[in-house]
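Welcome! Take a moment with the sequence and the 3D view below before reading on.

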Amino acid sequence: MSREEAKDLLHAAREGETLASRALDPFLSRLLAVWGAVYALGYGLFPESGEAWAGLAVAGFALSFYLGGREARHLRTGAGRKLALLWSAFGLDLVALLLAGERLAAGRPLAINLLVALAWMASGVVLERSGLLLAGALFALANALVFALFPALYAPLLAGAGLLALLFGLYRGIRGLR
Amino acid sequence: MAFDELIHQPTRLKLMAYLARLGPDARVEFKKLQRDLDLTEGNLSRHLTKLEEAGYLRVEKGFVGRRPRTWVGLTGKGRDAFLAHVKELERLVKGEGT
């Protein structure tokens, strides 16, 4: 076999690996759309209502796990199982933060969003996707900066970010359908 | 070390690479595999049969609800064969073999 032929074959192998690393992309796009909608609705319409937020978060989690269950009909991997456990732990922490209620006062949205950022970063580590890791880190940094420097803009900016995430998730999902 | 003639075929190599990248114990449903690798049903079936006969893949049939499904996963033997083959290709590209 020639060196060029071997190079072409290695290229085919890398292509297969790349396709596998993107195997969860349609599912992640749907998740992004779901949580984008939760943020757009929550921060856009009910920024101060703990009850509305709790309802939206529960609906978001129920839909996420339903989508995860549907995905598992097509693909089951060790990373997928770790992701389900990770997001279950995240859900538990979120419930704890919601239950802490008024004691956290104005800091509660920031605490929740830092937890969301951590969940994205951990998902990036589990799935070996640097994009998710970076997105989580930027989300945490942006949250802390806006919360500290422009508190009045916190809810509108997050509503806008949620809307963008919803649109991006839908766009990626539709593009993925080809 | 000799090349593995079975994995040598580009589509089969790509298929093995896809399954190996998903990690040990991963299983993927036939339709998803077909869609992701952009293969026809017949083409994918033929490759799967050859690889299964060699003990490189395990193919399981079952039902999700009332719908029949076929699941495909890499065996330990298949993973070893794939890694050895890629190593051999890399060695050749680096100019250490013929």
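Here are some questions and answers to guide you through the two chains.

Q: What kind of model is this, and how are its parts labelled?
A: Residues are numbered from 1 along each chain as its sequence is written, while chains are lettered from A and ligands numbered from 1 in the order in which they are written. Local features need pLDDT of at least 70, side-chain atom pairs count only at pLDDT 80 or more, totals for chains, interfaces and linings use all residues, and the model is predicted.

Q: Which pattern does chain A follow along the sequence?
A: Helices (H or I, at least four residues) and strands (E, at least two) are DSSP runs, numbered from the N terminus. Chain A has seven helices and one strand. Read along the sequence, its pattern is α-α-α-β-α-α-α-α.

Q: In what order do the elements of chain B run?
A: Chain B holds five helices and three strands. Its C-alpha atoms fill a box of roughly 55 × 25 × 20 Å along the principal axes. From the N terminus on, the order is α-α-β-α-α-β-β-α.

Q: What percentage of the residues of chain B count as buried?
A: A residue is buried if 20 or more other C-beta atoms lie within 10 Å of its own, exposed if 12 or fewer, and partly exposed in between, with C-beta atoms placed from the backbone. In chain A, buried residues make up 29% of the 178 residues. For the 98 residues of chain B, the value is 33%.

Q: Which element gives the most to the side of chain B that touches chain A?
A: Two residues are in contact if their C-beta atoms, placed from the backbone, lie within 7 Å, and 26 residues of chain B are in contact with 22 residues of chain A. Helix H2 (10-21), strand S1 (27-29), helix H3 (30-37) and helix H5 (76-93) of chain B each supply at least two residues of that side of chain B. With seven residues, the element that gives the most is H2(B).

Q: How many strands are in the open sheet, and in what order?
A: Two strands pair if DSSP finds at least two bridges between them. Strand S1 (residues 75-76) of chain A and S1(B) pair in the antiparallel sense over two bridges, and A:Arg76 has B:Arg27 as its bridge partner in S1(B). Eight bridges join S2(B) to S3(B), which also run antiparallel. The open sheet has four strands, in the order S1(A)-S1(B)-S3(B)-S2(B).

Q: Which strands stand at the edges of this sheet?
A: The order is S1(A)-S1(B)-S3(B)-S2(B), with antiparallel pairing. An edge strand here has a single partner strand, so one side of it is left without a neighbour in the sheet. The edge strands are S1 of chain A and S2 of chain B.

Q: Which residues touch the most other members of the largest nonpolar core?
A: A nonpolar core is a set of buried Ala, Val, Leu, Ile, Met, Phe, Trp, Tyr and Cys residues joined through C-beta atoms within 7 Å. The largest one has 54 residues, and helix H2 (residues 25-45) of chain A gives the most to it, with 13 residues. Leaving aside neighbours within four places in sequence, B:Leu19 is in contact with B:Ala26, B:Gly73 and B:Leu74. The members that touch the most others are B:Met16 and B:Leu19.

Q: Why do the buried residues of H5(B) lie on the same side, and how wide is their arc?
A: In H5(B), the buried residues are B:Gly78, B:Ala81, B:Phe82, B:His85, B:Val86, B:Glu88, B:Leu89 and B:Leu92. The arc is that of the directions from the helix axis to the C-beta atoms. These residues are put on the same side of H5(B) because they cover an arc of only 160°.

Q: Which exposed residues does the other face of H5(B) carry?
A: What covers the buried residues of H5(B) includes helix H1 (3-21) of chain A and, in chain B, strand S2 (57-64) and strand S3 (67-74). The face turned away from the buried side carries the exposed residues B:Gly76, B:Asp80, B:Leu83 and B:Lys87.

Q: Is A:Lys82 buried, exposed or partly exposed?
A: A:Lys82 is found in helix H4 (residues 78-100) of chain A. Because A:Lys82 has 15 C-beta neighbours inside 10 Å, this residue counts as partly exposed.
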